[in-house]
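Please read the following explanation alongside the sequence and the coordinates. It goes through selected parts of the structure in turn.

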Amino acid sequence: MIDSSSIKQLAGHPFDRRDFLKVLGWSGAAVALSGCGNTSIENGKETVVSYVEAADYVIPGVAVYYNSTCAQCDAGCNINGRVREGRVLKLEGNAASAINRGKMCGLGQAGVQHHYNPDRVREPLLRKGDKGETISWDKAYALIAEKLNGVSGEQVAFLSGAVSGHLKVLLGNYLESLGSKNLYVYEAVAPAVQRAANKKAYGTEMPRFNINKAKVVLSFGADFLGSWVSPVHFSQQYAQFRKGVDGQRGVLVQVESKMTLTGANADRWLVVRPGTEGILALGIINALGASGVTLSGDVAAAVQGYDKARVSNDTGVSVEHLDKLVALLKERTPSLVLAGSAAEGYAHGSQNAAAINLLNQVLGNVGKTIEASASVPFPQMIPAKGNTAALKTLNDDLAAGKYKVLFTYATNPVFTAPGSMKFKANLAKAGFKVAFAHYLDETALEADLVLPLDSALEDWGTQVPEYMAEGAQINIQQPLMEKLHANTQGMGDILLTLVKQREADKYKDFADYYGYLRGSLLTIKGALGSGGTDDDTFWDETLTSGIIKLAGSAEQLSGNASAAGLQLPAAAAADAQYSFHLIPSVTAYLRDGRHTNQPWLQESPDPLTTIVWDSWVEIHPKKAAELGIVEGDVLEVSSRTGSIRAQAYLFPGIHPDAISIPLGRGHEALGRYAKGYGVNPFQILDAVFDQETGELALHETRVKISKVGQRIIVVKDEGAAGGKPEQRRIALSKSTDQVKLSEEV
Amino acid sequence: MHRFLRLSFMLMGLLVASGSYAADTQKPTLTTEDDLGPQVTQPIEFPHYRHAGLKNPDDPTNSDPSKGGMEIDCQYCHTYARRSAVAGIPPLQKCIGCHQNIESVRNKPRIVELFKYWDAKKAIPWKKVHDLPDFVRFNHERHIKRFVEQQNRPTQEACGYCHGDVKSMTVARRSKSLAMGWCASCHEKNHPVTAEGGTPIGNQAYWYKFQKPVVASSDGVVKAQGPNDCWHCHK
Amino acid sequence: MSVSNLLENWSQFRHFHPVDDKPHDPYKWAMSIDIDACSGCNACSVACYAENNIPVVGKERFQHGQQMHWMRIERYWPDHDFDFPEQGAEFLPMMCQQCEAAPCETVCPVGATNHTADGLNSQIYNRCIGSRYCSANCPFKVRYFNWYDYPTDETVWPAEMNRQLNPDVSVRGKGVMEKCTFCVQRLRAAEVTAKGEGRIVREGEVQTACQQACPTSAISFGNLVDPESRVHKQWQAQQVEMNVDEQEKDKEPGGSHLRGYRILEELRPYPSVMYLERVRESAI
């Protein structure tokens, strides 16, 4: 690993780093010419660039590893970057991390393609008509100061993706210096309804879920192996869960209308009528009560009437399966019930989540498989959690022409706002729009000033994960290599410069964001449990490990086990005109589409359909047969808001009354690997919101479909057999009564 | 089944006819011949003979540093070679480390040039002299471990197997062919590995041969014969 | 190895390994994959792209079947008719099985693919002439051909993207075959280090990229002849023998309670990858 003096060198003088990170020539990675002979030997022609100065541990041909934090999603996995001759080559997991324990998902690994992406913005750009004109940073900063001059705090807004750590602190300070309270934290795909429901049920927004301690996991659309909350962490828990507690293999039952990656791994996948997840949960409680589980008075009252026949009729889950599930839950404890986005994306999403959480209370899982999580004792660093309600407020304000200056960072609302909001049109009403961006994405294209950001692999930062795995932790993000482009800046440095425009005196001690970060962490050194160590040692150790682990404060769960206020609507009636439920699916790698320009992700087949590089419409084969649709038929999918066209894919894992289109594709900008591939279902989403939290109800859009008379070849990885093994012994299965897992290695 | 076999033999015959090129080049030509590479012009004409050469070639007892070389060990500057598969080029800092204290040559043209690079913090664009095809991966570390560390051979001799008599050169010039047959010629010589410093592992004898097992020689010493499959160097 | 050489030594090349006069010693690299743990998430595949300089071919070439994923996840549905896949999908990570009697090796006209001492099926790019016989003869279809000169293709590795390339792995030009190598560059580095220290590679010292990334640790990899290795223990516990085409345990009436199996074993390629069957709960 790295010795401390060299870290100091690295850390203290970022510009020294340039010298010894000079590339040494990388002939090894050049083309291997086919054929024999000395065809590629060119004595005396190729240049080998040596280092000017090199730290002792820098040896050509030997990789150096730096710890940092993954920035591809908010889970906060700790990464270990492999660096050779000054170039970061590969991101691997940091084995010391409680979150990912040395493991990585594909999305995280593609972080290098974000860093080396050819479509990154490299210069500050100022709008001149339809074009962007390169300007200097000095001019850009002066322009911002000029535009803010004489503008009141109410007329300034900042739209950001989820932020935490010192960046959040600086952002808050900057807005305060402007006298503005208008920070909108927007994430298009966020567990916002769940946070509210958890707060009610358990007293905390994001408790710790111990999948590995559960004998049965009943998940209502929580795709914890794919995109839900902290998938790499849950994947490891899942592996332990499968190995079993006391040799008994964990059982996963997934309830949803469209099969997710997690659903595809379930022992029993139960398809439900869209939106009836809560009804099923109450039906299970009712049946548990009938089978002898004690229910409190108000719970018993709440579930009264949810008898098996009615529940089966409403949800489409057979009485037989219901009985088996109830028996299993009763017999094998503890269990764990999870509510995911599929259950929450309705106007009654909060009610669905409440009903599902109530099931945990009834089964006595709270305190066993659901535990209090620890939090970082610095409230100002705790993540500003994104949701869609924030966007709605901003959108209304923009429509009213309230803002003279608008900043956007780490979010792309022009792409992700539901079409019904008409966000793009409203955005035009803001006076001066500044986008801090990595790419010229749809939102940056609407901006008046675009400021290019450093990638996460060349920038400093701290990050506090929303979901804490074990104890609490602060993640350190540090540069893995020299900046790729001379004229990009780190978001922290930009905010520091901006805040200095307002309050130069307060920040005069900090030359740059690195200095600010180091200074701030040193002042809380004692609280971080390193009071006794000297500053340099503390700092070196922090950078070496990349994680500051804190003892978890022993919080108590204080949940509400009552069913007060629980009121579920009846199963939604059929819509004669728009007969299908649209399920915009969140895939593990593309999510809300911000990383679509990373070609590894475009070419990584969707696990369930194996489709690459394009969007598709999932429709149940029986329904398709009814409508005369075959694979590759281009379908027009129309909602009350708009319509899009995509190829049909016949998919058995979906409710016949629903169709599903994945999110993330359909960019009109962003870059060469994203633009023009697929369609964007955000565009046709209706403006329906969860009644309690005001969150966008992602699954409430109803659509109709029609063939447009064109058929294309679906580009996918599965063979002609459509994924049937055709009697060959390829992927084999056994049932639990046929195996003896406890005897295995 | 029978018919299938016949068909495949016919195909084979076809291949023998059309594949004669492959048949001819079945084995690289084994050669130990020296093969002088082109003269390479470097940004600074680095005098290897001055650094690594004998102190006084004519009179080994004369140690006047103004004549002859300084007998600096190859590994003093080329430190990476023993620690990595690739040898790399010493960092500029290494040159300066000594030369900032050698006032006597400070104004010589090459040294002035050297300091120009240093002052500008610019890397010297050295030209590659020993260039292997990009699909060939030679491991310096392994060879130095074996010859220098385990068998205690002089560094200059060990490096010289492939790099020639660099101590007599100004800028280095390739003097061995470095083609596969040339590598193999050395690896097919019998190098005793169970002698002192050797590292026999398992029952490797067979695999240390390109094709067939070697019979252990009469003195009972197992002969190692270098890499045993293509994937050692080509991957 | 030329054609004449091949014909002369046919029986030797067709030999499966190990045999008595050529024992696997000290290494035989092998794998075991628990498809009950595999969630099908594709992290292994992306790790493989990152480690092994695999080109992203783009939509059109993918449509032509020219994708290069050395490590792919195959998704299967049950063979029988069903309305809904009530027991989920079946995911199977598939890559070169490093067969001990590899069908690809015997058909290469130029000996560009052959067996190594440590039990790998090597692919030598500079030797390959692109006949594609190996791919035609591979029952697992895990060999990938370079139809284009990807290194010079601006859509594949444009200016900055090529800086991510791993210098330890050759970037393949047009006209050569490639496939999973069990991350041979990592194996060789570990073997050389161990050799310098006069020992063999220890269990856990070397990981393949897919194994390292796998979020559910479904992939085990190691030295099959090392009794300390997890892979050795797993193969032993599952009673899977390398050099047979039908396992003893599978002959038991009613089937075995052991999950280990090798794919297409009956074709006698003697694969080095053992899979552990998926399990589904019988009580639900």
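The model is predicted. In chain A, three strands form an open sheet in the order β19-β20-β21, and their pairing is antiparallel. Strands in a sheet pair through backbone hydrogen bonds, in either a parallel or an antiparallel manner. Between β19(A) and strand β20 (residues 472–477) of chain A, the antiparallel pairing extends over three bridges. One position to look up is A:G461, whose bridge partner in β20(A) is A:Q477.

A helix lies against this sheet: helix α6 (residues 165–177) of chain A packs on it and touches β19 and β20 of chain A. The direction of α6(A) makes about 105 degrees with that of β19(A).

The helix α6(A) also has a helical partner, helix α19 (residues 491–502) of chain A. Two packed helices are described by the angle between their axes and by the distance between the axes. Here the axes come within 9 Å and cross at roughly 25 degrees. Angles under 35 degrees count as roughly parallel, and α6(A) and α19(A) are therefore roughly parallel to each other. Their crossing is left-handed. From α6(A), the contact is made by A:H166, A:L167, A:L170, A:L171, A:N173, A:Y174 and A:S177. From α19(A), the residues are A:M491, A:G492, A:L495, A:L496, A:L498, A:V499 and A:R502. By class, the residues of this contact of α6(A) with α19(A) divide into nine nonpolar, four polar and one charged.

Chain A also meets chain C. In this contact, 87 residues of chain A are in contact with 77 residues of chain C. Several elements of chain C each supply at least two residues to the side that touches chain A, among them α3 (43–52), β3 (90–94), α9 (230–237) and β12 (278–280). The element that gives the most to this side is α3(C), with seven residues. The residues on the side of chain C that touches chain A divide into 37 nonpolar, 20 polar and 20 charged. Strand pairing also links the two chains: strand β28 (residues 733–735) of chain A and β12(C) run parallel and are joined by three bridges. Within β12(C), C:V279 stands opposite A:K734.

In chain B, helix α5 (residues 92–99) and helix α6 (residues 109–119) pack with their axes 10 Å apart, at an angle of about 125 degrees. α5(B) and α6(B) are therefore oblique to each other. The crossing in which α5(B) passes α6(B) is left-handed. B:L92, B:C95, B:I96 and B:H99 of α5(B) meet B:I111, B:L114, B:Y117 and B:W118 of α6(B). The residues of this contact divide into seven nonpolar, one polar and no charged.

How confident is the prediction for chain B? The chain averages a pLDDT of 73, and 64% of the residues score at least 70. Among the elements of chain B, α6(B) has the highest mean pLDDT (95), and helix α2 (residues 20–24) the lowest (37). Over residues 1–27 of chain B the pLDDT is below 50, and this stretch has 18 contacts in the model beyond near neighbours in sequence. The pLDDT is also below 50 over residues 191–225 of chain B, a stretch with 51 such contacts.

Methods. Residues are numbered from 1 along each chain as its sequence is written. Chains are lettered from A and ligands numbered from 1 in the order in which they are written. This is a predicted model: local features need pLDDT of at least 70, side-chain atom pairs count only at pLDDT 80 or more; totals for chains, interfaces and linings use all residues. Axes are lines fitted to C-alpha atoms, for helices over the stretch in contact, and angles run from 0 to 180 degrees between N-to-C directions. Helices (H or I, at least four residues) and strands (E, at least two) are DSSP runs, numbered from the N terminus. Angles under 35 degrees count as roughly parallel, over 145 as roughly antiparallel, 65 to 115 as roughly perpendicular and the rest as oblique. A crossing is left-handed if the near helix is turned anticlockwise from the far one by less than a right angle, and right-handed if clockwise. Two residues are in contact if their C-beta atoms, placed from the backbone, lie within 7 Å. Ala, Val, Leu, Ile, Met, Phe, Trp, Tyr, Cys and Pro count as nonpolar, Asp, Glu, Lys and Arg as charged, and the others, Gly among them, as polar. pLDDT is the predictor's confidence in each residue, from 0 to 100. Two strands pair if DSSP finds at least two bridges between them.
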